[in-house]
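Dear colleague,

Please find the structure below, handed over for your reference. My findings follow it.

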Amino acid sequence: MKLYDIISNMRFTGIKNYQELDIDSLSCVSSEKLMNGIYFCIKGMKTDGHDYAYEAVKNGAVCLVVEHFIDLPITQILVSDVRKAMSYISSIFYETYKSKMKFIGITGTNGKTTTTFALRQLLTKMGKKVGLIGTEGVYIGNLLLPATLTTPDPIDLHKLIADMERNGCEYCVMEVSAHSIALNKIDDIMYDCVALSNITKDHLDFFLTMDNYCKCKASLFDIKHARNGVINIDAKYAKEIYKQSNLNNLTIGRDGKLKLLNIDQHIHSTDFSIEYNDKEYHAKSNLIGEYNIYNLMLAIGCLLELGFDLKEVINKLSECEILVPGRFNVLHTPSNFSVVIDYAHTPDGIKNILTAIKNLPIKRLITVFGCGGNRDKTKRPEMAKMATSLSDIVVVTSDNPRYENPDMIIDDILRGVDDKNIVTITNRKDAIEYALSIASPNDLVAILGKGAENYQDINGVKHHFSDYEVVDEYFKTTHTSEMKA
């Protein structure tokens with residue numbers, strides 16, 4: 001693609017050493033090998049891409065997008081915000097601005113992944129080909145690709161959208177993280193519908209205050225980003241976002257236009273009733289827990305906003321076996337107690353999963369959890385209070401300590417909580433095995449925080465680690481020993 005065709009309609013404040021160029025690639029990573037590439041000099045929290053421009057040129061960059069000119073004899077496009085420019089240029093380069101797909105964006109502290117998986121399966125049941133972008137991977141129809149971020153950076157994001165378009169996808173369902181909104185990753189996507197699951201305490205290491213965090217989420221519900229919205233009006237902060245939004249928003253929940261009437265929870269399924277336009281509907285799902293019914297209602301609300309028939313959607317829901325990696329995954333084990341693995345890693349997430357479990361016919365609840373390092377420290381004791389108030393025994397361990405000392409993280413978790421039912425075991429494998437070893441018939445062991453992650457991030461290195469594998473190996477070893485005995 002010609003450079004002129006890429007930048008002719010964009011806002012920039014200056015050009016240096018302009019040449020008409022053929023552009024074949026985009027990158028914001030200076031060490032990446034490029035072919036006639038544009039390199040975006042992004043200012044990060046720790047490093048500045050301008051300092052690595054020379055390396056990028058050596059690796060094939062023929063044009064730089066900068067916030068200040070650099071002393072290099074190469075074409076440079078001067079802009080006020082490189083991140084915004086990267087989003088725009090990516091949409092032009094991959095021609096996603098011409099996409100005929102319908103875009104659905106789900107934001108919220110918790111529930112994004114479950115809601116997007118529900119949407120994908122419902123749309124598929126109704127004969128649509130769907131692309132999905134989120135925490136647990138990227139789906140292009142039935143093809144699964146790994147994901148590194150909840151919402152990829154614009155270059156990868158628009159490339160994926162282009163791949164979905166080429167492969168005949170009619171819908172693109174996306175998790176939209178608060179970081180992706182704040183860092184302008186989704187600026188050049190016009191969503192046909194956006195939805196808010198909830199807002200609870202998280203990411204304050206980045207946003208500093210809940211007010212900043214809420215404003216970021218609220219900014220998605222604007223005509224510059226979307227045509228329609230769906231809001232869980234029962235969630236904290238939601239009413240204010242609804243009032244401020246200039247979209248046509250459908251509300252869901254006990255106080256919503258799509259109204260939740262009642263929930264009847266069983267061991268392996270949930271029945272629930274909803275009301276819409278003064279008509280009552282009865283629905284059934286394999287998902288368990290009130291919080292999951294809100295996620296399903298959010299998905300149903302999006303489909304209503306996109307013109308689908310509510311009766312048809314509810315009928316298809318009863319046919320769906322919605323399986324979400326790392327979310328309320330009940331493991332099949334040879335034990336006489338149950339094991340659940342879940343990604344819950346916020347106070348509200350822990351409350352939701354453990355409250356749902358407490359409604360099941362179990363004897364004791366044994367919970368294993370930790371907190372991630374280099375993230376919001378204020379939520380650590382809150383997570384402990386929630387876990388101890390809802391569990392019979394809590395085993396506090398390490399999660400992804402990153403660059404923090406895991407024992408110091410555990411100290412933060414324990415601050416201000418009654419430790420009478422708490423055991424601390426720093427090594428996560430040992431902690432899980434301990435919880436399994438003390439479980440009795442009809443108990444349930446909940447292993448929280450990492451879900452489907454297959455690594456532990458320790459001092460910048462991702463070491464292979466899977467909660468599932470630890471449980472599987474434990475039962476293999478234990479069952480073999482029992483057989484020999």
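Asn 459 is found in the loop that separates strand E23 (455–458) from strand E24 (461–464); helices (H or I, at least four residues) and strands (E, at least two) are DSSP runs, numbered from the N terminus. Although Asn 459 is not a glycine, its phi is positive, at about 55°.

Please note that this is a predicted model, in which local features need pLDDT of at least 70 and side-chain atom pairs count only at pLDDT 80 or more, while totals for chains, interfaces and linings use all residues. Residues are numbered from 1 along each chain as its sequence is written, and side-chain values use heavy atoms, with hydrogens and water left out.

A positive phi also occurs at Phe 328, a residue other than glycine, where the value is near 45°. Phe 328 lies in the loop between helix H11 (310–319) and strand E17 (329–330). With a relative accessibility of 12%, Phe 328 counts as buried (buried means under 20% relative accessible area, exposed over 50%, partly exposed in between, with a 1.4 Å probe and protein chains only).

Ser 285 belongs to strand E16 (residues 279–285). Ser 285 is buried, its relative accessible area being 3%. The side chain of Ser 285 reaches the backbone nitrogen of Leu 287 at 3.0 Å. If neighbours within four places in sequence are left aside, Ser 285 is in contact with Ser 269, Thr 270, Leu 296 and Leu 317, where contact means heavy atoms within 4.5 Å.

Cys 302 is placed in helix H10 (residues 290–305). Cys 302 counts as buried because its relative accessibility is 0%. Not counting residues up to four places away in sequence, Cys 302 touches Ile 104, Ile 106, Leu 119, Cys 193, Ala 195 and Val 230. From C-alpha to C-alpha, Cys 302 and Val 65 are 37 Å apart in space, and they are 237 residues apart in sequence.

As for the whole protein chain, it has 16 helices and 24 strands. Buried residues make up 56% of its 485 residues. A compact globule with 485 residues would have a radius of gyration near 23 Å, and the 24 Å of the protein chain agrees with this; the radius is taken over C-alpha atoms, and the globule rule is 2.2 Å times the number of residues to the power 0.38. The C-alpha trace spans about 75 × 55 × 45 Å along its principal axes. Among contacts between residues at least 6 apart in sequence, 66% join residues at least 24 apart.

Key: A polar contact is a pair of N or O atoms within 3.5 Å; within protein, one must be able to donate a hydrogen and the other to accept it, and residues adjacent in sequence count only if both atoms are side-chain atoms.
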